[in-house]
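Welcome! Please have a look at it before reading on.

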Amino acid sequence: MLSIKQLEFSFPKSKSVANKNDANFNTLFNVDVNAGEILSVIGPSGSGKTTLLNLIAGFIQPSAGQILIDNNDISGLAIAKRPVTSVFQENNLFPHLDVFTNIAIGIEPSLKLNESQKQQIFAALENVELTNLEKRLPKALSGGQRQRVALARALVRKHSVLLLDEPLAALGPAMREEIIDLLKQLVEAEKMHALLISHQPEDALKASTRTAFINQGKVLKIDNTKRLLKHSDLTEIKNYLGEA
Amino acid sequence: MPYLKFSKILVISIFILLATFSNAEIKPTLNVYTYSSFTSDWGPGPKVKEAFEKECECILNYVALEDGVSLLSRLKLEGKNTKADIVLGLDTNLIANAEKTGFFAPHQQQLKNSSLPEPWTNETFIPYDFGYFAFVYDKNILKTPPNSLKALVEDKNGPKILIQDPRTSTPGLGLLLWVKKVYGDKAAEAWRKLSPRIVTVSKGWSEAYGLFLKNEAPMVLSYTTSPAYHVIAEEKLNYAAAEFDEGHYQQIEVAGLIKSSKQQVLGKKFLSFIQSETFQTIIPTTNWMYPASLSSDKLPEAFGDLVQPKQALIFNDIEIEENRKKWVREWLDALAN
Amino acid sequence: MKIGIIISLFLLAFIAVPLISLFGASDLLSSQKSTIAEMWNSTYFRRVVFFSIWQAFLSTVLSISVAILVARAFTRLPRFPFRHLILSLFGLPLVVPAVVAVLGIVSVYGKQGWLPLGENLYGLTGILIAHCFFNIPLAVRLLIPTWDTVPEQHWRLASQLQFSSWQQWKHIEWPALRENIPSIALLIFMLCLTSFAVVLTLGGGPRSTTLEVAIYQSLRFDFEPTQAVILALLQLVICLTVALLATRFSKLPDVEPNLNSHQNINQVQQSLGDKITQPLFIIFATVFVVSPLLAMFIDAINGPMLEVLTDGKIWKATAFSLFIGLVAASLSLFIAWFLLNASAEASIKNKPILSQSMLLSGSIIFVVPPLVIGTGLFILLSNYVNVFDWAIGIVILINGLMGLPFIIRTLGPAIRQHKMQYNKLSTSLGFNAWERFKHIDFPLLRKPIGLSAALVATIAIGDLGVIALFGSPETTTLPLLLYQRLASYQIPQAAVTAAFLLAISLCLFWLLEKVIGGKHAEH
């Protein structure tokens, strides 16, 4: 289980080190994510969703709190040492590398692969339904295909935490559904702990049994997605859904 | 607005500054184009100016260029609009070329008590001093100088040298002719051999000699008379000119009057002054050359100890004029390798 | 807009007339085909052409490779002490006159210097050092913004994927740099190819002469106009080729790049080797850039200050230089103002081609070496007048026009934006031209105007190019005086002169920028 305990981040008064568009106030998070679960994270823009993911990935440093994976605290680890894979909204792929290589650097930055690693990559490509596209450059792929390559990379990395920072935002509705299905499969199969930030409540409905609502840097509520979206009495959630 | 006021003040102050430098002159001015070592503080320039201005009721104005050959180039660049009245500092190697430009008027002077080795027959230029090119060295640093040009050229481990550019400087041109005289068709090859030991090719004599005095190289192309300077002015006995078996190339320095000059009378007066004892006695201890019209008993004592070339080497004017361009190109090609 | 077209035509004529005079002169000499044949067969001239390109190539490769290391270190160390100050210092070589830099380099690497290279300094080594002094800081400043074009997600991926330093370079940085490097490299190549003062002072011997210097020597040493014409035409062809190549890549980089620190790179894992070498690169580059200037000032303070500063020559030269700088800047600004306004107007009226052509007519002089134009003018004028009497006027004219490309880059975008924002309003208010300039245009644009004036004046003051061709003992500017002292190896006197020239340049820059630019300028 991934569990975030009293994770605090005090925003530096000077320049932003975190995501420019995200929260600019202090945050405090408490969240648990089960193995094989995709926990959706929703909330108004600037509420701190990306800050949460940045804290877990280690892009920014918490001022207090713990990030426990099966009771091991990773909050002190360097970025690269954390068992974490991130997928962003865009720029997940290096434009000058083909699909295969883009996945391969996920396992072996030196690109010196052994046979089994190559097989792994082909298997991952098959998993994300991109067989035979391994020679393509990112610019020759559709938006959905690019995100699938990013997922394939997440797959081969076999890290237990998957952070999805609006990976669906640039995609059309049909494509989103496809990717969500794929995500669910992969997370389930690999027993990963996934956090999915999404701006579309429908995505959360489709992807997650549970959803966390974040507001003003705090997790206001974690609940069954349907219950949270459809039957919540919280005015903050109502306002948010009204906006969205 | 403040910026307007400021720029006004700036412009006005610049004009005032410029105006102070172009002070009105009533006396006629004689413009003399010459090389920079002539006008330097220790050169003949200041004394000559003082002496001549005493008797001419005029202002003697020097325009100092790097060295002798640049004088001729400058004259050609200015063409018929030149402001020069007198050009002082060309030498025998440039006479034919200078006459060909047609810029110079005949000197129409009676030559007085010439002390030149040969009689002077040129009707355009007046000689004012002469000398022999030589490599000068410091006896304390260079114990065994080469005893011939060939020895200097052939010895791969020979001393490094400082020379001047034949395109700007008369000693530079002199060395070019010296090598040509000694090596003939093999001159280019000789230059290629010498090339690695040339520390620098300077534009004028003063630059090269200045570097030599700063110990940038053990030998410098200068004159057999240069050591006299160190003896007389500095009381240093350690400088000497290396005597070469093949003989030394001779240079006679001359002055001429520009045909289009408005100061014809004043100009002729200056040419005549050049031959006067006043001018001639200034030369040995300022320009450090043999004066062209002064009997040898009036020379300073130190001149007696100088190297006397076994043979004075020289090309005739016409031969130089026909070949100078070609030979300079040959020199450039050889050193570019 | 009419006035813009007239100015454009004038500018083109100013470049065309000397070039036509060159072609004319070369035609006149066609009877002397032997000259070309002779030059073709001459080892010397082949060496000159080879050396011009070779030294420019080496300078470019050296500058760019060192600059990449340094820029990379800067982006990785956003909190390096004095980072901002160092980067500002790196802007300095743009306004340091080339002869001053040469003197500084002699102070450091000369025989009496801190790090004596001995005789090797004069020739290729010295030329390369000087070109690196100018171009490493330039390239660093132009390269740093490239790191900002890397999406921050890539850096985050790199940190998760545990890229080594080499992998970061290979997968992230090089692909981003690859697009910018050709244009920066061509800019530097062009600057080195046409560099005159550096080669004149540190090279110039038969083995280390470039076309630019050979043109000068052909005129001033040999009085061989034929030769000068042929060399000038050859130089023109090479420069135009380089310029055409450059246009195939992106346009020339900005003069005032954005150097704000990058915020994401420092998260990427750095090996111990990196941690040690990165600061060293910055320190090395800083020392390399600062040491010549520092050595020069120290030499100047220990030098014969009184002797040099009480000599009338230096003050006369200062007066000439200031005059040249201020008049050239005014001329340049005057032309640029009308040209840029006309161009902006054309652009607003949806005539992009006309608008761009006007800008191009002002920028084109950048690819024609000033010495080539100078030679053309020299040959043209020498038929009628004593060219040395015209030195100051010609130097002002050429320097003023050389400044146009800089002004177009600094002032152009500001004028265009200003025009778009306020044109309708100002027109509706019914100002006359002067009122509009005084109340609207100047107050809003004074900052870029001040910067432009400062740049052009400073560059003109320090220029040793055209003045070397036309200068004479009667018209000696400060850079020429400095060159003469340097050429006669009066290093202590030269150091004082150089420090004086640099001080004057910087004061003028600061004054013009502050006085015209104002303290509380808009934008």
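Chain A and chain B do not touch, and their nearest C-alpha atoms are 37 Å apart. Of the two pairs of chains in contact, chains B and C share the most contacts; two residues are in contact if their C-beta atoms, placed from the backbone, lie within 7 Å. This is a predicted model, in which local features need pLDDT of at least 70, side-chain atom pairs count only at pLDDT 80 or more, and totals for chains, interfaces and linings use all residues. Residues are numbered from 1 along each chain as its sequence is written, while chains are lettered from A and ligands numbered from 1 in the order in which they are written.

**Chain A on its own**

- Chain A has eight helices and ten strands; helices (H or I, at least four residues) and strands (E, at least two) are DSSP runs, numbered from the N terminus.
- The radius of gyration of chain A is 18 Å, which agrees with the value near 18 Å for a compact globule of 244 residues; the radius is taken over C-alpha atoms, and the globule rule is 2.2 Å times the number of residues to the power 0.38.
- The C-alpha trace of chain A spans about 50 × 40 × 35 Å along its principal axes.
- Of the 244 residues of chain A, 43% count as buried. A residue is buried if 20 or more other C-beta atoms lie within 10 Å of its own, exposed if 12 or fewer, and partly exposed in between, with C-beta atoms placed from the backbone.
- Among the contacts in chain A between residues at least 6 apart in sequence, 72% join residues at least 24 apart.

**The two domains of chain A**

- Chain A is assigned domain 1 (2-83 + 160-243) and domain 2 (93-158), with bounds that come from an automatic or database domain assignment.
- The C-alpha centres of domain 1 and domain 2 of chain A lie 25 Å apart.
- Eleven residues from domain 1 of chain A and ten residues from domain 2 of chain A take part in the contact.
- On the side of domain 1 of chain A that touches domain 2 of chain A, helix H5 (residues 173-190) of chain A gives the most, with seven residues.
- That side of domain 1 of chain A has nine nonpolar, no polar and two charged residues. Here Ala, Val, Leu, Ile, Met, Phe, Trp, Tyr, Cys and Pro count as nonpolar, Asp, Glu, Lys and Arg as charged, and the others, Gly among them, as polar.

**Where chain A meets chain C**

- In this contact, 20 residues of chain A meet 17 residues of chain C.
- Strand S6 (84-87) and helix H2 (99-107) of chain A each supply at least two residues of the side of chain A that touches chain C.
- S6(A) gives the largest share of that side, three residues.
- The side of chain A that touches chain C divides into 13 nonpolar, seven polar and no charged residues.

- Chain B has 13 helices and twelve strands.
- A compact globule of 337 residues would have a radius of gyration near 20 Å, and chain B has 22 Å, which agrees.
- Of the 337 residues of chain B, 50% count as buried.
- The contact takes 34 residues from chain B and 33 residues from chain C.
- The largest share of the side of chain B that touches chain C, seven residues, comes from H1(B).
- By class, the side of chain B that touches chain C has 16 nonpolar, nine polar and nine charged residues.

**Two helices of chain C**

- Helix H18 (residues 433-462) of chain C has 30 residues, but its end C-alpha atoms are only 34 Å apart, short of the 44 Å that a straight helix would reach at 1.5 Å a residue; the expected span is 1.5 Å times one less than the number of residues.
- H18(C) bends by about 65 degrees at C:Arg446, and a proline, C:Pro448, follows within four residues. The bend at a residue is the angle between axes fitted to the seven residues ending there and the seven starting there.
- Helix H6 (residues 124-148) of chain C has a kink of about 30 degrees, centred on C:Cys132.
- H6(C) is mostly covered, with 20 of its 25 residues buried.
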